[in-house]
Amino acid sequence: MPADASAAASDRPEPSGQAVTDQRPGAVVPPPRSAPPVEDAPEPVDAAAVLAAMADDAPEVEGPSAEPVPAQRGPGTADTLTEREQRILAFEQQWWKHAGAKEQAIRDTFGLSATRYYQLLNALLDRPAALAAEPVLVGRLRRLRSSRARNRRR
């Protein structure tokens with residue numbers, strides 16, 4: 001005999017959303033609650049649009065004065081990011097579908113080799129200001145970096 005063909009199951013009506021009287025006298029089962037309202041999610045940031053806007057606003061300046069060396073940073077600049085550092089973080093939020101596409105985009109966007117770009121990115125990941133500006137992104141990139149370092153040691 002199937003479980004749903006029992007005597008107790010045949011006495012129960014189908015769920016209809018109305019209060020159902022239990023078999024015990026005076027017991028009432030309330031109707032099911034509705035789902036909570038959906039919270040509005042923040043608008044997703046289009047990293048490509050941010051990069052395009054930044055590229056249109058200011059010309060790219062390369063050379064020794066474009067990126068100060070960490071030893072040359074003053075005490076007031078430790079908690080701020082340069083425009084190029086902000087652009088690097090915005091660039092890292094993008095996803096790449098094809099091999100080599102990111103390296104080409106690095107050359108086109110920043111005018112840097114991929115090696116130099118990743119050197120700057122690694123230095124940026126160690127800065128508290130980068131963590132404050134983009135905590136989720138920096139945390140993910142730090143985890144990837146430490147995971148890759150662990151795999152190289154094996």
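Buried means under 20% relative accessible area, exposed means over 50%, and partly exposed lies in between, with a 1.4 Å probe and protein chains only. By that cut-off Leu-120 counts as buried, because its relative accessibility is 10%. Leu-120 lies in helix H5.

**Model and confidence**

This is a predicted model, in which local features need pLDDT of at least 70, side-chain atom pairs count only at pLDDT 80 or more, and totals for chains, interfaces and linings use all residues. Residues are numbered from 1 along each chain as its sequence is written, and side-chain values use heavy atoms, with hydrogens and water left out.

pLDDT is the predictor's confidence in each residue, from 0 to 100. Its mean over the protein chain is 74, and 55% of the residues reach 70 or more. Residues 68-76 have pLDDT below 50; beyond near neighbours in sequence, this stretch has six contacts in the model. Contact means heavy atoms within 4.5 Å.

**Overall layout**

Helices (H or I, at least four residues) and strands (E, at least two) are DSSP runs, numbered from the N terminus. The protein chain has seven helices and two strands. Along the sequence they follow the pattern α-β-β-α-α-α-α-α-α.

Of the 154 residues in the protein chain, 23% are buried. The chain exposes about 11,600 Å², and carbon and sulfur atoms supply 57% of that area. Accessible areas come from the Shrake-Rupley method with a 1.4 Å probe; for residues, only the protein chains shown count as cover. Take the contacts between residues at least 6 apart in sequence: 49% of them join residues at least 24 apart.

**The core**

A nonpolar core is a set of buried Ala, Val, Leu, Ile, Met, Phe, Trp, Tyr and Cys residues joined through side-chain atoms within 4.5 Å. The largest one here has 18 residues, and Ile-88, Leu-89 and Tyr-117 have the most contacts inside it. Helices H3 (83-92), H4 (101-110), H5 (114-125), H6 (128-133) and H7 (135-153) each give two or more residues to this core. H5 gives the most, with five residues. In soluble globular proteins, nonpolar side chains tend to be buried together.

Ile-88 touches Phe-110, Tyr-117, Leu-120, Leu-121 and Leu-124, leaving aside neighbours within four places in sequence.

**Helix H3**

H3 is mostly covered, with eight of its ten residues buried. These are Arg-84, Glu-85, Arg-87, Ile-88, Leu-89, Ala-90, Phe-91 and Glu-92. Arg-87 lies in H3. It counts as buried because its relative accessibility is 5%. Phe-91, also found in H3, is buried because its relative accessible area is 1%.

| Pair | Separation in sequence | C-alpha to C-alpha distance |
|---|---|---|
| Arg-87 and Phe-110 | 23 residues | 9.0 Å |
| Leu-120 and Ile-88 | 32 residues | 8.6 Å |
| Phe-91 and Phe-110 | 19 residues | 10.0 Å |

**Lys-102**

Lys-102 sits in helix H4. Is Lys-102 buried or exposed? Lys-102 counts as buried, because its relative accessibility is 14%. Its side chain is joined to that of Glu-92 by a polar contact of 2.9 Å. A polar contact is a pair of N or O atoms within 3.5 Å; within protein, one must be able to donate a hydrogen and the other to accept it, and residues adjacent in sequence count only if both atoms are side-chain atoms. Not counting residues up to four places away in sequence, Lys-102 touches Phe-91, Glu-92, Trp-96 and Tyr-118.

**Helix H7**

H7 has 19 residues and reaches 27 Å from its first C-alpha to its last, close to the 27 Å expected at 1.5 Å a residue. The expected span of a helix is 1.5 Å times one less than its number of residues. In H7, Leu-137, Val-138, Gly-139, Leu-141 and Ala-149 are buried. Which helices do the buried residues of H7 pack against? They pack against H3, H5 and H6.
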